[in-house]
Amino acid sequence: MSILVNSETRLITQGITGEYGRMHTLACRDYGTNIVGGVTPGRGGEDVEGIPVYDTVSNAVKETGANATMIFVPAPFAADAVEEAAEAGIELIVCITEGIPALDEARMKRVVTAAGARMIGPNCPGVISPGDKCKVGIMPGFIHAPGNIGVVSRSGTLTYEAVWQLTELGLGQSTCVGIGGDPVIGTTHIDAISMFQQDHQTEAILLIGEIGGTAEEDASAFVKEHVTKPVVGFVAGRTAPPGKRMGHAGAIIAGGKGTAPEKMKAMRAAGIAVAESPAELGSTMAEALAARA
Amino acid sequence: MKLHEFQAKGRFAHVGLPVPKGIVCETAEAASAAFDELGGDLAVVKAQIHAGGRGKAGGVKLVKSAAEAAEVASALLGNPLVTKQNAPDGTIVRKVLVEEGLPIEKEYYVAITLDRQKEVPVLMASAEGGTEIEEVAEENPDAILKEVVDPVSGLADFRARRITYGLGVPKKLARPFAATLSALAKAFLSDDASLVEVNPLVTTTDGRVICLDGKMTIDDNALFRHKDLAELRDEDEEDPTEVRARKAGLSYVNLDGNVGCLVNGAGLAMATMDIIKLHGGEPANFLDVGGSASTEQVTTAFKIILEDPAVKGILVNIFGGIMRCDVVAQGVVDATKALGLEDPLVVRLHGTNMEEGRKILEGSGLKIIPADSMADAAQKIVEAVS
């Protein structure tokens, strides 16, 4: 098995008639994902290359049995789209949209949690399980290969870089999850790592973090306590100037944490093999696997 | 987007928060007239710049006459004010706020910001107002009280009371103090702020609670629904290059090195800076062209990078997902020709349409150094600029 998405996934796209929604829905279908429909209010009854379009998520679920959604709705309306999906009983909500107001994110997270749904993102590349030929997101499918490495990352293109290095070394992936870099996200590093630990197909985990917040420190503590599989880590941004994106009161709440050296130290203390260079993501994983064998 | 103190106080007043009477002035004459208009025998002249630490830098002064107000305003206006936060260059003061003097009894600190771990806004307060919160956090973290703010309904009354009593606010002022905390939370939510800070929030000897200072940062992602707030942006306060980059849909931060970087995606852009440093070079900038840059955007990005006189070479690192490598390659070729670029240029393209992209670079007849991987690219550009 993989995590989150597989051959059982029945996907709809919210915002399917927009330029990106359409393009990526078709790319997901080409990859092998079971796309059962799409939603754009006011466009119900139309189709996109044979994919039926509905006015509401409830209708789409009723007609197609959809259990997952991929959201391309523009930022001003995205929180509403997420809440609509959660309310309609969708189990997995992958929100690609970037630029959603932080308070909207806080509100929609609460609705998603109350509904018992799982959200990935927002502002993320999505999820892909190459062995199940299931891609729910905007990542280029061809760089992936079926295999046993679980990848979790806050970043988009840096994840592609990591995946490509793994694939080049013959290390395929069970599932790759882009959790997004926004202040409030549906699925954290810890959530994904926990799922990978329980997943039989996943043999090792690649954790890609970046500066800011304490998500990597928290994930490291979790790994130390709960994870028996090899974990390789990387933190982007050791050369970034401090304080450029964080408001200073926010830094206080985080207890002044968030620098790359601190995160790498926390990872090492948890037994995570840390890649020093972004060019060594794949090779550090290969070494970690060899050391285990 | 940061607001000036006078703008933040305008927003505070909008939700009924008590702020001192004040007048914004752009000339010494206006400051003199403002003193008279306020009518007291004491006023404060405050430089309006975004950077904090104004008081210690001499940007906030008590004055006792209209003539003194004019004198202080004239010394501040048009000159750079250098504080701990904007050193070494400082910021030119273009406006001063002349405010009534108040009989202060005690100063408190209050701020609201989004707590990433709790995933809701949190209100923080301490009885050590006036001092920098970083110092309090370091020396006496228990002195900072925290309560969560509900993202829909605001600060619950019992939470406002818990903070108020926790800070030891005198009983006769407890009600207005708690009401002020609730109103600050309301301002935070209704304006989609990412930070509201009042340092100090004061009680006066005549029994009032007043926001003596005001800082506010608005969530840029929410400006689409706050057209009135968007107009408060002061571009004089921002790095002009960063402003132009933002308008072109690029995210740019200037750094001290000599290797210009053009990358897609923030994580990969940071990793590219890291690997340049690991190979002994120094990045000149962070530049994320975003997920779907056009040929024109790539040209603008090149122009922005080259405006920095320290740049001795450029590294382009693109992993195409949404972005197509052939589009980037065409942009690189067009920009190189249009700008007559002579500095070394290393290009690493991977992902969607990478073969087409590489062909465009090879066929251009330009002196572009291709690279196969991030490490290869970093090594080549560092060698080329040294």
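The conversation below takes the terms one at a time.

Visitor: What kind of model is this?

Guide: It is a predicted model.

Visitor: Which secondary structure elements does chain A have, and how many?

Guide: Chain A has 10 helices and 14 strands. Its C-alpha atoms fill a box of roughly 55 × 45 × 30 Å along the principal axes.

Visitor: How do you know whether the radius of gyration of chain A agrees with that of a compact globule?

Guide: For 293 residues, a compact globule would have a radius of gyration near 19 Å. Chain A has 19 Å, so the value agrees with the rule. Of the contacts in chain A with a separation of 6 or more, 73% are between residues 24 or more positions apart.

Visitor: What makes helices α7(A) and α9(A) roughly parallel or roughly perpendicular?

Guide: Helix α7 (residues 215-226) and helix α9 (residues 260-269) of chain A pack at about 5 degrees, their axes 8 Å apart. Angles under 35 degrees count as roughly parallel, and α7(A) and α9(A) are therefore roughly parallel to each other. On the side of α7(A), the contact is made by A:Glu216, A:Glu217 and A:Ser220; on the side of α9(A), by A:Lys263, A:Ala266, A:Met267 and A:Ala269. By class, this contact has 3 nonpolar, 1 polar and 3 charged residues.

Visitor: Where do chains A and B meet?

Guide: In the contact between the chains, 44 residues of chain A touch 52 residues of chain B. Helix α9(B) supplies 10 residues, the largest share of the side of chain B that touches chain A. That side of chain B has 28 nonpolar, 14 polar and 10 charged residues.

Visitor: Why is the arrangement of α5(A) with α9(B) given the name it has?

Guide: Helix α5 (residues 157-168) of chain A packs against α9(B) at an angle of about 65 degrees, with axes 6 Å apart. The range for roughly perpendicular is 65 to 115 degrees, so α5(A) is roughly perpendicular to α9(B). A:Thr157, A:Leu158 and A:Glu161 of α5(A) meet B:Gly267, B:Leu268 and B:Ala271 of α9(B).

Visitor: What makes β2 and β4 of chain B stand at the edges of their sheet?

Guide: The sheet is open and has 4 strands in the order β2-β7-β3-β4 (chain B), with antiparallel pairing. β2 (22-25) and β4 (60-63) each have a single partner strand, so one side of each is left without a neighbour in the sheet. Neighbouring strands are turned by 20 degrees against each other on average, direction ignored.

Visitor: How do you know that β3 of chain B pairs with β4(B)?

Guide: Two strands pair if at least two bridges are found between them. Strand β3 (residues 43-47) of chain B and β4(B) share 4 bridges, in the antiparallel sense. In one bridge, B:Lys46 has B:Val60 of β4(B) as its partner.

Visitor: Which helix lies across this sheet?

Guide: Helix α2 (residues 28-38) of chain B lies across β2, β3, β4 and β7 (96-100) of chain B, at about 20 degrees to β7(B).

Technical notes. Residues numbered from 1 in each chain as written. Chains lettered and ligands numbered in written order. Predicted model: local features only at pLDDT ≥ 70, side-chain atom pairs only at ≥ 80, totals over all residues. Axes fitted to C-alpha atoms, helices over the stretch in contact; angles between N-to-C directions. Helix = DSSP H or I, 4+ residues; strand = E, 2+ residues; numbered from the N terminus. Parallel < 35°, antiparallel > 145°, perpendicular 65-115°, else oblique. Contact = placed C-beta atoms within 7 Å. Nonpolar A, V, L, I, M, F, W, Y, C, P; charged D, E, K, R; others polar. Rg over C-alpha atoms; globule rule 2.2 N^0.38 Å.
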